[in-house]
Amino acid sequence: LVTVFYGSNGKSNLVSMENKVEHQAKNQITYDIHLTSDLGMLYKVRLGLQSLEDSISQLFLHQLKMQNTSTLDTFSLTINKTLPPSLYGDRWIEFPVEWPLKEVLSVVTYHLTVFSRNILSERNLVHMTACIYGTHGDTGDRSLLQSLRNVQQREDNESFLVIMEAVELGELDKVVLLISSKTGCKLDIKKLHLKEAVKEHPIYVFEVNETFSLDANKPEIQREILLSFVIRGDKQKDDIGNNLHKEGSQARNLTEYTIKVYTGDKRGAGTDANVHIILFGNEDKTEAFQLSHSLDHPDPFERGKVDTFKIKTKKLGSLHSIEIGHDGKGF
């Protein structure tokens, strides 16, 4: 049994459940786990089995209880799930950690649609995983070719659906693909669509447009694919009454951008100055937006922190550059 812990200060490496404590009760095993760094307030846990390639065994998990031996903070959860859920399905389960007076995230079913040209014909020889990243962490590496749904094949195009459960990721921003093969072949991947199963929108689109040359003697290929754009849908029809129709029409003509600023982790890297940004596209440019209201921290641009901002502006076309600067206030 292996696990990954996610906290406000980051996530742990893969932790193997090896250090069993003596005096075990029937059908109950206790482990001592020593994390190499302080993860802060834990908000989710992911569980899996170490090696499943040549095994068809399954483990039924009834309940999980964990306690910080220093603070005695205790969390208990009834799971009642089989790991893995199916012999050919997703190999991980995730759940949020709930603390008193703290907002808890929920478990979400995600639909990942892969558009390609020839993956289906090579799927028995290829191993491909995806790790999805958002504002609330990542999914870890999830297999894409174990259990395919809604397979569609056309003359020069194919697509298939992968279903995975994860603690909600927030706004999605990138996908990391890992691809390897038992033989020499080429995979042509066009794009990825990601959305929550119960919602039609938003659809997060990740453009790949790459042919991967695979060889059994070569290491696996890793590709980081940043978010290309988001299909938001016509939310105004649902959210705005007739008396706000004009305002809704104006909102539909705006494009929302998510801006993440990674402040360096060296002495003096942060700033108290007023930071602005200007976006330049092939059709237009924005005015100077003040980046003052971070979605992550009340005081943005602190050393070693990541701040997320959202702005809405007129349509710019394809972005080609930005200007970012500040007014020199403070240290």
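Two strands are taken to pair if DSSP finds at least two bridges between them; strands (E, at least two residues) and helices (H or I, at least four) are DSSP runs numbered from the N terminus. The model is predicted: local features need pLDDT of at least 70, side-chain atom pairs count only at pLDDT 80 or more, and totals for chains, interfaces and linings use all residues. Residues are numbered from 1 along each chain as its sequence is written, and side-chain values use heavy atoms, with hydrogens and water left out.

By this criterion, strand β20 (residues 275–281) is joined to β21 by two bridges, and the two run antiparallel. His276 has Gln290 of β21 as its bridge partner. Both strands belong to an open sheet of three strands, ordered β21-β20-β23 with antiparallel pairing. The edges are held by β21 (289–290) and β23 (319–326), each of which has a single partner strand, so one side of each lacks a neighbour in the sheet.

Strand β9 (residues 126–134) has seven of its nine residues buried and is therefore largely enclosed by the rest of the structure; buried denotes under 20% relative accessible area, exposed over 50%, and partly exposed in between (1.4 Å probe, protein chains only). An antiparallel pairing over nine bridges links β9 to β14 (residues 172–181). β9 is also antiparallel to β11 (residues 142–143), through two bridges. Thr129 takes part in both pairings, with Leu178 as its bridge partner in β14 and Ser143 in β11. A further antiparallel pairing, over two bridges, connects β9 with β10 (residues 137–138). These two strands form a hairpin with two residues between them, and Gly134 lies opposite Gly137 of β10.

Beyond its neighbours within four places in sequence, Ile189 is in contact (heavy atoms within 4.5 Å) with residues including Val114, Phe115, Ile119, Met128, Leu177, Ile179, Val208 and Phe212.

The structure holds zero disulfides (pairs of cysteine sulfur atoms within 2.5 Å).
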